[in-house]
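Colleague: Could you walk me through this model and explain the words you use for it?
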Amino acid sequence: MFILNHLWIILALPLAGSMLTLLAGRHWAQKYVNLSSVGFVVLAFLSYCELAREFFNLSAAQIPWIGNYFTWMTAGNFRVDFALQVDQLTIVMLGVVTFVGMLIHIYSVGYMAHEEGYYRFFAEMNLFMFFMLTLVMAANLVLMFVGWEGVGLCSYLLISFFFQKKSAADAGKKAFITTRIGDFGFTIGILMAFWTFGSIDYKTMFAAAANMPVEGMHQWGVLTSICLLLLAGAVGKSAQLPLYVWLPDAMEGPTPVSALIHAATMVTAGVYMVARMNVLFSHAPAAMLAVAVIGGATALYAATIGLAQNDIKKVLAYSTISQLGYMFLACGVGAYAAGIFHLMTHAFFKALLFLAAGSVIHAMGGQQDMQHMGGLRKKIPWTFGTMLVATLAISGAPLFAGFFSKDEILFDAYAGPNANMVLYVVGISAALLTACYMFRLIFLTFYGKPRYDEHHVHVHESPKVMLAPLVILAILSVIGGWFVLPTYWGGKDYFQGFLDPVFASSTALAAKMHPAWTEPPHSLELTMAAIAVGVAFVGFLIAWYLYIRKPALPNKVANAFGPVYKLLLNKYYVDELYGAIIIGPLIWISRNVLWKVIDVGLIDGTVNGLAFLSRESGVGLRRMQSGNTRSYAAWVVIGAVAVTVFFVWMVR
Amino acid sequence: MNGSYLDSYAPLLLMFLLAAGLAAVLIIASSVVGRHLKVRAKDQPYECGIRPTGDAREPYSVHFYMVAMIFILFDIEAIFLYPWAIVFKQLNMFGFVEMLLYIAILVVGYIYLWKKGALEWK
Amino acid sequence: MFPPLQDLYRIAPELVLCAFGMLVMLIDPFVPATRKRSMGWLAFAGTLVALASLRWAALNQGSAYSGLFRVDMFSLFVHAIVIGVSALAILGSFDYLDRENIQRGEYYALILFATAGMGILAGSTELITAFVGLEMSSISTYILVGFRRTVLKSNESSLKYFLLGSFATAFFLYGIALTYGATRSTRFDVVNQAIAAHGAGPLLILGLGLIFVGLGFKVVAAPFQIYTPDVYEGAPTPVTAILACGPKAAAFAVMLRIFYSAFGSASHVWFWAIWVSAILTMCIGNFAALVQTNVKRLLAYSSIAHAGYILVAFAAASEIGVAAVLFYLAAYAAMTLGAFLIVAHVGGTNEQRLNIEDYAGLGTKHPWIAACFALFLFSLLGLPATGGFLGKLYAFQSALDQRIVWLVVIAAVNSVIGAYYYLKVVVAMYFHESNKEWAPMPMRAPMFVVLLLTAIATIYFGVLPNRLMELAIASARSLR
C-alpha cells in the first residue's frame, strides 16, 4: 500500500530527475546525465509496477482510489485540490506512459549522444514525463489542465530543440499556437463544467452528470456544449481535423521526441480525456457523433495524405493522425475500451516505427527522404526486422497487436449500439490505405536498389542501446493485443473486462437508449475479422505491385493523376489555406486594427492625450504633480474637503 | 448626532464669526482709510535707530538650533516627572520602576548626544 | 489598577524592537566609522528576536492595557508582514549604504523604531494608541527619507513628506477629537456600540471622514496619494521599499479595524467613499505610470495603483474581503520589496541607473538579477502562478461576492493597462541592446538572501496560496 498511499512519488520522480539534470547537468559528463534522467524514469516505471501490484489487491469499492494531498486554491466556492486518482483507466495509461517513456529514454541515450545540449534534452524529456503523468493521474479537471498545458509546453520546447534551425523554431511555435486554439475551448469547457456541476472533481462531476437527462440529438443543451468545448481541446492536442496541421511540422524535433510525445503519449491525451469524460459524452449524443465524425474523417483524410509523402517521418506523422482518428472514432461510437486498447497497441507499434525510422535516419547520416534510400534491408537487418513487425501490426496482420484493436473498433462501428455504416466504410477504407502507405514505406526504404551515393553515405547499424528498445517494442507489437485473443473462440475479452468499471455507466446507458440492439452473433465477429484482413492484404498487394513489381508505375500513376497527386503531395494545400484565410487576416488585423487603431490610436492617443491635457488644460496628472509642496498641501485640503462633504452628505 | 447637541456649539460659532469679522473690518478699514507713503527708509529694518549694516537676514549657527532643540526635548521630558510626583504614593513600586526605566531611556539619549558631540560648541 | 504582567508579553515585539533600537543608538557612538555595518546586523538580530517574540505574543492573545491594544490573529499577521519587511530591508540596505557612504547606526535604529510604530498601529484598538503608532512610524520614516543628507532630492522629499505628513496627521487628530466628542470614547468597541445604539450622527461621520484623510495619506489612497512619487523617488531606495510595504500594511490594518470593526455598522456611509477612492487611486496610479521613464518613479506609481486594488477588496467589507486585503498585503510586500531592492542594486553609486533604457541588456549581462526582476514585475502585473495574481484574484472575487461589479470591471481594465508599463521594463531588459557599459555588480550574501527569499515567497504565494489564505481568513475572523 506504500505507493497507493503516496501516489505523488510517481510524479515526483521524473520531476526530480528533470530538476537535477537541468541544474547540475551542464557540468556533468554524459553518463551522469544518463544516470539521473534515465534512472529516475526507470524508478518511475518500477514504482508504477508496484502501484499496479497494489492496485490489483484493492476491492472494487475502493476504486477509484483518490489521494488528496492539499487544497491548492480556493476562491469562494471554487476549490481545487491537489488530488490524484487511480482507477483501471489510469493504470493502463500509466503503464503506457512509464513503460514506453522508459524505453524511449534509453533509446535517446544512443540517439542523442552527439547532440549539443544533451542535458537540456533529457531535462525536458523528464519534465514532459512529469506533466504527462500529472495529466493522467489528476483527479480533477484543473489539475488535468495543468498537465495538459505542461506537456504542451514541453512539446514546444522539444520540437524547437534545434532552435538554431528556423524551421524547428517555427514548427514549435506553430504547435504551440494551434493547440492553444483548442485549449481556449477547453478552458471555457472547464469553466462551464464548474458552473454546471459546482465542482471540477471527476467524482462529483460524474455523479451529477449521471443524474441528468440525456440530451437529444437536436437539443443543444449544456452537456452538449461542455462536451463540444472539451472536444475542441482534444482536437487540438490530438491533431484532428481541422487542427492537425501542427503535428507534421512537429517532426522537426528529434526523433525520440516524435516517438514519445507525438506518437505514443501526448497526442493521445485527447483520446484519454474523451474516454475519461465518457459519462458526460454519453449524455450528449450530438457531441458523441461529432467525435465519431471528426475521428472518421481524420482517419481517412490523413491516410490519403500519407500515401504521397516522401519524408519518412512525415509519413509516420500522418499515419499517427490517422490512427488517432481511429481512436476518436471508437470513442464516438461508444467503444471507449476499444479506443483505449488501440491507444495502447498504437503506442507500442508507433513508438517502434518512429524509433526504427530514427535508426534508419541515424544509419543514413540524417537523410529523411525515402527517395534517397532503398535496399537497406541487408545493411541494417535489426532495424528492418523490427520495423517490419511494426508495419504488420499497424496494417492489421492477423495475431499482431494492431489487428485486434483495429478489428474491435471496426466491429463496434459496424455492430455496436451506436453503429453507423458510413463510419464503418470510412474506417475500412482507411485500413486499406494504411496497409498501402505503410508497405510503400517499407518497400521504398528497404527494398529495391540503393538510391543514395554509396561512397559518401556509410550505412551502419545503430548501437545496442538503441536496438534493445526496438526489440522490446517489437515483441510488444506482437503480443500486446493478445488480451482479447480468447474472444475468437468465444472467450472473455480481458482488456475490456478490466476497463469495464470505468465505462460501466456509459455502456449501460447505451444499452438503455438502444433497446432494439442485441449482442451480435459470434460468427459475425469472425467474418468481420476476415474482411479486415482481406482489405489490409489488398492494400499490401497494391503497394507490392506498385513499388516492387512495377517500380516505374508510381511515376506514371502520379503523372496520369497529376492534379490529384499534387493535391496529396501538398497535403490538400491546407497549410496554404490556413495561411490565406486565418493567418493572413490575423496579421492584417493585428497590423491595421490592433497596432494602428489600438496601439497608435488608443494607447498612444491616451498617453499623448494625457500629456496634452496636462500641458494645455492644467488639470492633468502631470500638472497635478508639480513638485510644489504648497500645491500638494492644497490637494490634500481639497481631498479632505471632498471626503468630509461626501461623508456628511451621505448621512445628510 | 442630534440638533440640540450641535446647538450647544452655536455661541462658539457666533464668537468665532464675530472675531473673524472684527479682524477683517479692522484690516480693511485701515487699508481703505489710512494714508500710504512709500519711502525707502520705511522699508529698511529697524535697528534701534542705528544705520543698518550688512544683511538683516544673517543665518544663525546651526548649533544654536541644536542646543535649543535638545533643551526643549529634555525640558518636556523632565516635566513628565511632575504628574508622577503627585501620584507617587498610589503607584508605589510599580510607578517607581516605570520612572526608573523612563529615566534610563533618557540617559541613553543623553549618552548618545554626548558621544555624537552634539553638546560641543565648535 | 496596574496592568497585568501579561500585557507586557502582548507588546513583546514592540518592546524588543524598541530595546534593540536603543541598544543600537547606545552602542553606535562607540563603534568606529568603518565598522558601522555591525549595527545593521544588530538591528537585524533585533527583528529576528521580534519575530520570535511574536510567538510569545501569540500565546497570550487578548486585549491589553484596558482595551488600548489587542493581540489576535489579525494583529499577528500584520506584525509578521511589517517586521519581515524591515528585516529584509535591513539586509538589503548594507551594500546600498556603503555605496552612498551613509553607513550609520541611526539608520537601523530608525527602521526599528518605525517598525515598532507600525506594530502598535496594527494592534491598536483605540484611536489615541493608533495615533501614537502612526506618529512613531511617521517621524522615523521622515528622517529615513532624508537620510542621504548631501543629496538635494533626498532633502526635498524628506521635507515634503514631513510637512504633508504632519498636515494629514492633523486631520487624523481632528477626526479623533470629533469621534470622541460624539461617542465619549476613543475605543473601537465603544464607538461600535455607540453607533449600534444611536446611529452615526454627522459629527461622528465627519470624524470618520477626517480619520480617512489621515490614514488615506499613509495608504496612498487618492486623493491623498499626491506626495507619493516625489517622496518615493527622493528617498534612498531601500527606504522606499520599506515605505511602500510596511507603513502601508500597518495603515491598512488600522484602517480595517476602524472601518470594519468600529464603523462597521455605518458601512453604507463609507462604502461609496472607498469605491470612488479605489477607482481614482487605480486610474491615477496606472495612467501616470504609463508615461514614466524612471523605473523608481514608475514603481512608485505602481504602488499607488496597487493601493487601489487593495481598496477594491476593502470595499467588499466582508470577512473574505478582509482576508483578501491581508493576502494582498503579504504578496504585495514580497514582490514590491524585491523589486525596489533590485532597483537599489542596479542603480549603482548615487542611483545613476534608474531609467528604463538603463535596464537594456540586463537580461544577458546579469541573467539572475533580470530573472528575479522579471518575476517581481510579472507578479505586480498579475500573471498566474505569482503571488500578485492570487492577490488580485482574491480581491476581485471578494468584491464580486458582494455584487460590487463595476468596481471590479474597472479594476480589471486597470490591471490590463498596468501590464503595459511593467512589460515595457521587461522588454527593455531582454530585447534591447545595452548602450552603456555594465560595471560589475557584485552581489553579496545578504542581498542574495533577500532576493532569494522574496522570489521564493512570490512564487510560493502564487503556486501554493492556501496556507497563507487560511491564515488570512483566520485573521479576518478574529477581527470581528
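Modeller: Gladly! Helices (H or I, at least four residues) and strands (E, at least two) are DSSP runs, numbered from the N terminus. By that count chain B has six helices and zero strands. This is a predicted model, where local features need pLDDT of at least 70 and side-chain atom pairs count only at pLDDT 80 or more, while totals for chains, interfaces and linings use all residues. Residues are numbered from 1 along each chain as its sequence is written, and chains are lettered from A and ligands numbered from 1 in the order in which they are written.

Colleague: Why are α14(A) and α15(A) called roughly antiparallel?
Modeller: Axes are lines fitted to C-alpha atoms, for helices over the stretch in contact, and angles run from 0 to 180 degrees between N-to-C directions. Angles under 35 degrees count as roughly parallel, over 145 as roughly antiparallel, 65 to 115 as roughly perpendicular and the rest as oblique. The axes of α14 (residues 285-307) and α15 (residues 312-332) of chain A cross at roughly 155°, so these two helices are roughly antiparallel.

Colleague: What makes a residue nonpolar, polar or charged in the contact of α14(A) with α15(A)?
Modeller: Ala, Val, Leu, Ile, Met, Phe, Trp, Tyr, Cys and Pro count as nonpolar, Asp, Glu, Lys and Arg as charged, and the others, Gly among them, as polar. On that basis, this contact has 17 nonpolar residues, eight polar and no charged.

Colleague: How do you know which residues of chain C and chain B are in the contact?
Modeller: Two residues are in contact if their C-beta atoms, placed from the backbone, lie within 7 Å. The contact takes eleven residues from chain C and nine from chain B. On the chain C side, α2(C) gives the largest share, three residues.
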